[in-house]
Amino acid sequence: MNTLIRTAVTAAALAAVTTACTASTGGTPNPPPPKVSLGAVRLVAYSSCDDLLAGLREKAAANVTPYGFGNVMPFAAIEDTAANVPQGKGRAATPEHSTTNVHEAGVDEPDLVKTDGNRIITVADGTLRIIDTATRKVTSSLKLTEGDNAGPGVPADLLVSGDRALVLMRGGDIMYKSFAPQADTRYVVVDLAGEPKVLSTIRPQGSYVDARMIGSTVRLVTRSQPDIAFPEPQGETTEAQRLKDNQDTVRRAPAEAWLPKIEITDASGAVKRDTVKCERVSHPADYTGTSMLTVHTIDLAQGVTAAGTDPISLAADGDVVYGTGQSLYVASNPRWWMPVVRPLPVDEPPATTTSDGVAPAEEPTPGEPSVSAPPGSSTESSTVPSPAPSPVPTPTIPPEETEVHRFDITSPGAPAYVASGKVPGRLLNQYSLSEHEGHLRLATTLSSADGRTSSSAVYVLKADTLAKVGEVGGLGEGERIYSVRFIGAVGYCVTFRQVDPLYTLDLRDPAAPKVTGELKITGYSAYLHPGSEGRLIGIGQEASEKGRTLGTQVSLFDVSDPAAPRRVSQYFQKDSGSGAEWDPHAFLYWPKTGLSVIPLNKQNESGALVLRIDDSGVKELGMIKHPAQRQDGRYAYDPGIQRSMIIGDSVWTVSYEGVQVNDAATLASQAWIPLR
């Protein structure tokens, strides 16, 4: 994805959302949660296609509006470990290297760059490139876009297993297409052995949500809305009539309108089209009928076989994906409501007017609809009575709660839908979720309808039923969660409004989680990362005592005593910001030496800040900058660095303009590899 654009979109979403949480487990892998016998995907809630159609029609008709189904706004997100991945033929020993900074060890996440130590694979502007780390040169490239989808700004991410890559492409302009319910989504399987070539292209109906890979098996989540064409309003159609027309249209729609479609093109150009079968669709007890989640399964070691992507679907919505070795969770935040103001008929004045003749509007609560007052009689006398007001449906504002759905992925092939659950409040991203010893922990912030009060809590659910077994609330009264980290049976939560309370949580008893300690400091940590034993790293913003942000800060916390967490070191860079605050993939931490790298933007300068973080504290080592570039030959700018990696004794940094190699000990520049 074009990270400069993605930064703007995600930063805007962060500013609007009421919570930002993180979650993970550390140490040894968790034991799997209790398995539920579901008979694979054969045991589903719909008994037949007729049952499916009746249920979906009923739910969708109850949730359709005079304007259709509406769009649901998508949201754009850990131990760094050296990995030995199967390599191409004839390669020397793989150098020690870092991998993508992921939530759960062993569960890979899509990113714009991947490395196996011998190769660096990147995708930008619709082109996949392979860099040989020994010669430090681009050895091959493959253009994956054409026509209207060609050129800059095509968002894409990568997953790589051995000599196979999966490129996840969201289609064209991120500012428009990613907000469309039926975006041009493509999953492209590429053979990296020798000159790269496309093996297959998968076009699912709907928009790409996220993906996770364990071993060589990828689970991809897409979501779609019913493919229903609503009638265009004729003349001065009232909202009530438009609503009735849309409900009638929904009740006439065939099952195929909801069942997601998929198109697969193989290397020869042959096209296979398929539709998710009724018997492979489930639904939770409560659902709207306006959205469908589909999970596709691809084993990169085998490629796309005759079984296709083995899709299963769930009549639900979701925008956050979290995966472990045993489970795939998809969560849905409260719906985003766009203001809807119904224009008045030209011959009807408003019920009341201000001095400028405009009806006063009640200020909408953030995230809730704004509906104009119904037309009424004129405030001026008239011999002609005003027409009676048309009935205006009262919008139902959904409760601020998070839905979460669990799929069992312990068996090969398609996952099995297990259960769904709900908790109050809003989560930001996957780090708000953590599975541990048969339980799922969720951290959310619940705000009042007027947005003036808020409180945060951690809920514990049984993983096999998603029924609540415990909770601890009252975190940051009047504040919002900015980051969370779960490490085994311990949790760390940061809330912020003017000061930054860091809470430590004891989660050993799922039925009785509790707060054990609290540390209040200025600023906040937007991302928390495990350091050495008893240490926690925080990346965020320093702030004044009144809560005004001042610039990037990196904090080192001593959490060895859960009852008394303390900050032992802080690095502060005035008037700056880092993408690592909201994108954990941008953070590099190399435990072997404590070397840490984050992208940094300060005033008119961009680069990568290099730190050493160890038990003694946080120390600045220097700043890596890519060669200045010229925009249209007119002015120079510093390329923004998105990612960094350790390969052997070097730090590799990636921007859209190129890849730079620096000595890890001295930070001296060793090579520049242009990508444009």
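Predicted model: local features only at pLDDT ≥ 70, side-chain atom pairs only at ≥ 80, totals over all residues.

Visitor: Which residue forms an aromatic pair with Tyr524?

Guide: The partner is Phe496, and the pair is tilted, with 4.8 Å centre to centre and 50 degrees between the planes. Phe496 is buried too, with a relative accessible area of 6%. The pair links distant parts of the chain: Phe496 belongs to strand β25 (residues 490–496) and Tyr524 to strand β28 (residues 524–530), 28 residues apart.

Visitor: How many aromatic pairs are there by this rule?

Guide: The count comes to nine aromatic pairs. One of them, between Phe69 and Phe230, is edge-to-face, at 5.3 Å centre to centre and with 75 degrees between the planes. Phe69 is buried, with a relative accessible area of 13%. Ring pairs also link Tyr431, Tyr527 and Phe587 into a cluster.

Visitor: Which residue lies over the face of Tyr287?

Guide: That residue is Lys59, placed at 5.4 Å from the ring centre of Tyr287.

Visitor: Let us turn to the chain as a whole. How many helices and strands does the chain have?

Guide: The chain has four helices and 42 strands. Of its 676 residues, 55% are buried. The accessible surface of the chain comes to about 28,500 Å², and carbon and sulfur atoms account for 51% of that surface.

Visitor: How should I understand the pairing of strands in a sheet?

Guide: As a general idea, the strands of a sheet pair through backbone hydrogen bonds, and the pairing is either parallel or antiparallel. In this structure, four strands form an open sheet with antiparallel pairing, in the order β20-β21-β22-β23.

Visitor: Which are the edge strands?

Guide: They are β20 (433–436) and β23 (468–475), each of which pairs on one side only. On average, neighbouring strands of this sheet are turned by 20 degrees against each other, direction ignored.

Visitor: How many bridges join strand β21 to strand β22?

Guide: Nine bridges join β21 (residues 439–447) to β22 (residues 454–462), and these strands run antiparallel. Across from Leu442 stands Tyr459, in β22.

Visitor: Where is Leu466 placed?

Guide: Leu466 is in the loop between β22 and β23. Its phi is near 60 degrees, a positive value in a residue other than glycine. At 5% relative accessibility, Leu466 counts as buried.

Visitor: In which loop is Arg136 found?

Guide: Arg136 is found in the loop between β3 (127–132) and β4 (137–143). Phi of Arg136 is likewise positive and near 60 degrees, in a residue other than glycine. Arg136 is partly exposed, with a relative accessible area of 29%, whereas Leu466 is buried.

Visitor: Which side chains does a polar contact of 2.9 Å join, and which does one of 2.7 Å join?

Guide: The contact of 2.9 Å joins the side chains of Ser327 and Arg406. The contact of 2.7 Å joins the side chains of Ser327 and Glu435. The side chain of Ser327 therefore takes part in polar contacts with Arg406 and with Glu435.

How values were computed: Residues numbered from 1 in each chain as written. Heavy atoms only, no water. Pairing = 2+ DSSP bridges. Helix = DSSP H or I, 4+ residues; strand = E, 2+ residues; numbered from the N terminus. Axes fitted to C-alpha atoms, helices over the stretch in contact; angles between N-to-C directions. Buried < 20%, exposed > 50% of the residue type's maximum accessible area, 1.4 Å probe, protein only. Areas by Shrake-Rupley, 256 points an atom, 1.4 Å probe, with all protein chains shown as cover. Polar contact = N/O pair within 3.5 Å; in protein donor to acceptor, adjacent residues only side chain to side chain. Phe/Tyr/Trp six-rings, centres within 6.5 Å; stacked < 30°, edge-to-face > 60°. Lys NZ or Arg CZ within 6 Å of the ring centre and 35° of its normal.
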